[in-house]
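Subject: Structure for your review

Hello,

Here is the structure I said I would pass on. My notes on what turned up in it follow below.

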Amino acid sequence: MEGTLDSRTAEKMLRQALPAASLVDVISRTAGELSTVYEIRCTGTVPAVIVKIYQPRWRWKLRKEVHIYQLLAQHAIGPVPTILHADTDYLVMSLLPGVPLWDCRFDDDGLRSIYRQLGALLRAVHAIDRDSYGYLTDRILDPLPSNTAYMHRQFDKKLAEFGDLGGDPQLHSGIQHYVAEHGELFAQCASAVLCHNDIHEGNLLVVDHPDGPALTGLIDVENAIAADPLMDLAKADYYAMHGDPAKLSGLIAGYGELPDRWTDRVGVYRLFHALELWDWFAEIGKTARLPGIAADITAMLDG
């Protein structure tokens with residue numbers, strides 16, 4: 001199912017989730033490589049829902065989203081969407097209030113507050129233990145018993161992709177040496193937990209109340225993994241915080257106590273996230289972003 005969502009199809013989807021509701025309007029929200037998202041406004045007790053339609057090659061991720069959102073619901077963790085209906089190629093989910101954080105402008109106090117709320121939410125997510133490390137669908141694929149084995153496998157995989165996609169051989173060699181020198185950090189994670197693994201400001205919904213901004217949603221669990229919880233903090237740093245002191249201090253205040261040498265572990269995970277992002281943009285042809293990511297990697301290797 002591709003292209004614009006017509007009103008007849010939208011009403012059918014809506015009725016699967018809310019039989020008594022009637023369609024009012026269909027609004028395109030986002031479109032990416034994996035899925036297209038629409039807001040369906042309707043009559044009834046629920047004013048609107050979100051419909052997420054998956055591209056054919058990514059439909060297996062639908063089962064993953066259902067599993068992860070249900071897992072979070074079982075542990076009373078939120079705010080996250082509620083699954084209202086799941087079909088073979090689309091999901092109908094509750095519409096959370098708010099707008100993406102990257103569409104907002106807050107002062108340092110506002111950002112500190114939002115990231116403090118995010119830190120507390122991530123602490124709750126990371127309380128969900130997993131019995132092995134690996135990529136999550138409705139189970140852990142190719143599970144590994146240790147973080148060391150998992151992270152070496154991940155770096156090896158992404159470095160191979162980097163080379164195949166035309167990455168700079170000097171950067172390839174630099175990353176290999178960095179991982180060899182810092183690989184002992186992986187063993188400091190004793191057990192795997194659920195990680196969102198896509199913390200950026202497009203996935204954080206906020207509402208600016210008179211008494212301060214509120215984090216009203218954490219969305220898109222398509223990249224969830226079972227891993228070191230610091231993987232989430234590292235991705236938030238590389239994708240969203242960019243070293244901003246207000247954001248970082250808020251996140252740490254909300255998250256609570258961090259382990260010894262956490263900054264070193266975050267550093268090596270930031271490198272992994274940058275490498276993975278370079279590979280992804282190269283694979284889908286967004287080459288304009290590659291020089292900037294390569295410069296980030298160089299800066300990380302230089303310390």
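Two rings of Phe, Tyr or Trp (for Trp, the six-membered ring) are taken as a pair when their centres lie within 6.5 Å, and planes over 60 degrees apart make the pair edge-to-face. On that basis, nine aromatic pairs come out of a search of the whole structure. Please keep in mind that this is a predicted model.

One of the pairs is W60 with Y135. The ring centres are 6.0 Å apart and the planes make an angle of 65°, so with the limit for edge-to-face at over 60 degrees the pair falls in that class.

W58, W60, Y135 and W280 make up one aromatic cluster.

Four strands form an open sheet in the order β8-β7-β12-β9, and the pairing is antiparallel. Its edge strands are β8 (140–144) and β9 (193–195), each of which pairs on one side only. On average, neighbouring strands in this sheet are turned by 25° against each other, with direction ignored. Helix α4 (residues 147–164) packs on the sheet and touches β7, β8 and β12. The direction of α4 makes about 120° with that of β8.

Within the sheet, β7 and β12 (residues 225–227) pair in the antiparallel sense over two bridges. G134 has A226 in β12 as its bridge partner.

A separate item is I50, which is placed in strand β3 (residues 48–54). I50 has a relative accessible area of 11% and is buried, since the limit for that class is under 20%. Which residues does I50 touch, leaving out those up to four places away in sequence? The contacts are R29, V37, Y38 and E39, together with L91, V92, M93, S94 and L95. As for R139, 89 residues from I50 along the chain, the C-alpha atoms of the two are separated by 25 Å.

Regards

How values were computed: Residues numbered from 1 in each chain as written. Predicted model: local features only at pLDDT ≥ 70, side-chain atom pairs only at ≥ 80, totals over all residues. Heavy atoms only, no water. Phe/Tyr/Trp six-rings, centres within 6.5 Å; stacked < 30°, edge-to-face > 60°. Buried < 20%, exposed > 50% of the residue type's maximum accessible area, 1.4 Å probe, protein only. Contact = heavy atoms within 4.5 Å. Pairing = 2+ DSSP bridges. Axes fitted to C-alpha atoms, helices over the stretch in contact; angles between N-to-C directions.
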